[in-house]
Amino acid sequence: MNQRQAAYTMENAFETTLERMLPMEHTCYPFSLPPLPYAYDALLPQLDEKTLHFHHDKHFAAYVDALNRLLENRPALQSWTLERLCRDWADLPDDIRQGVRNNAGGVLNHDLYFRTMRPTPASSPEGALLRAIERDFGGADQLKKAMKTAALGQFGSGWAVLAADGQGGVRVLKTANQDTTLPLRPLLCCDVWEHAYYLLYQNRRADYFENWWQLVNWPDVSAAFERLAVS
């Protein structure tokens, strides 16, 4: 581990940064690209600086910009939250329906993806989430297998997602392109679009998944599940 990595694996520094990062799902037009919640080299060796620059600053930003353009002249839709745009896309006008579905989903999925990673050392599920995982999957190792199966089984571009089922449990799903799991609440997602990993892993999606799994910010994901239980 180099000195820059060490600086960004300090617990207090990470938590201070994370406190400034709010989920985008409750925000409305105009949407803004949130900053990366860690340094671009903080996830080495699992994810490299070049990948994070392209993925966050180019791909994620492109979804934010495209969504704003689609809503720019649609005042009736500008009060819709990002979550509503993703959940109720079928109610949108015909001429922008698919565009908003694609780009709003891209914003929500990418926001969750970047927020639920952290520099190593690896962490583990906690509290109510761990109990739900043990009940619904048999344990964290079985959850990992289910997530990996979803990630490797997604043909083409898409996501492997851990979602709350609304009844105190959790499910693993895979979604194509930028579809979301809403109304099931996504808690954690692995991006299996090639732009998420190709510069470092080429076609080795399984290797990428294994290394991404080490970066999952389980304390934050666990806390998100706890908040759902009391909301």
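The model I'm looking at is a predicted one.

**Sheet.** I looked up the strand order first. It reads β2-β1-β3, an open sheet of three strands with antiparallel pairing. β2 (170-176) and β3 (185-191) sit at the edges with a single partner strand each, so one side of each has no neighbour in the sheet. From one strand to the next, the twist averages 25°.

I then checked how β1 (residues 158-164) pairs with β3, and found six bridges in the antiparallel sense. Which residue of β3 is the bridge partner of Val161? I get Cys189.

**Helices over the sheet.** Helix α6 (residues 127-137) lies across β2 and β3, at about 80° to β2. Helix α7 (residues 140-153) lies across β1, β2 and β3, and I noted about 10° to β2 for α7.

**Largest pocket.** I have its volume down as about 370 Å³. The lining takes 19 residues, with Pro23, Glu25, Arg185, Ala224 and Arg227 nearest the centre. Which element supplies the largest share of this lining? That's α10, with five residues. α5 (94-115), β3 and α10 (218-230) each put in at least two. By class I wrote down ten nonpolar, three polar and six charged residues.

**Second largest pocket.** The volume here is about 190 Å³. I listed 13 lining residues, and Ala164, Asp165, Gly166, Arg185 and Leu228 are the closest to the centre. α10 again gives the most to this lining, now with three residues.

Note on methods: Residues are numbered from 1 along each chain as its sequence is written. This is a predicted model: local features need pLDDT of at least 70, side-chain atom pairs count only at pLDDT 80 or more; totals for chains, interfaces and linings use all residues. Side-chain values use heavy atoms; hydrogens and water are left out. Two strands pair if DSSP finds at least two bridges between them. Helices (H or I, at least four residues) and strands (E, at least two) are DSSP runs, numbered from the N terminus. Axes are lines fitted to C-alpha atoms, for helices over the stretch in contact, and angles run from 0 to 180 degrees between N-to-C directions. Contact means heavy atoms within 4.5 Å. On a 1 Å grid over the protein atoms alone, a cavity is a set of points where a 1.4 Å probe fits but cannot get out, and a pocket is an open set with protein on both sides within 12 Å along at least five of seven lines; lining residues have an atom within 4 Å of a point. Grid points are joined across faces, edges and corners, and a volume is the space filled by probe spheres set on the points. Ala, Val, Leu, Ile, Met, Phe, Trp, Tyr, Cys and Pro count as nonpolar, Asp, Glu, Lys and Arg as charged, and the others, Gly among them, as polar.
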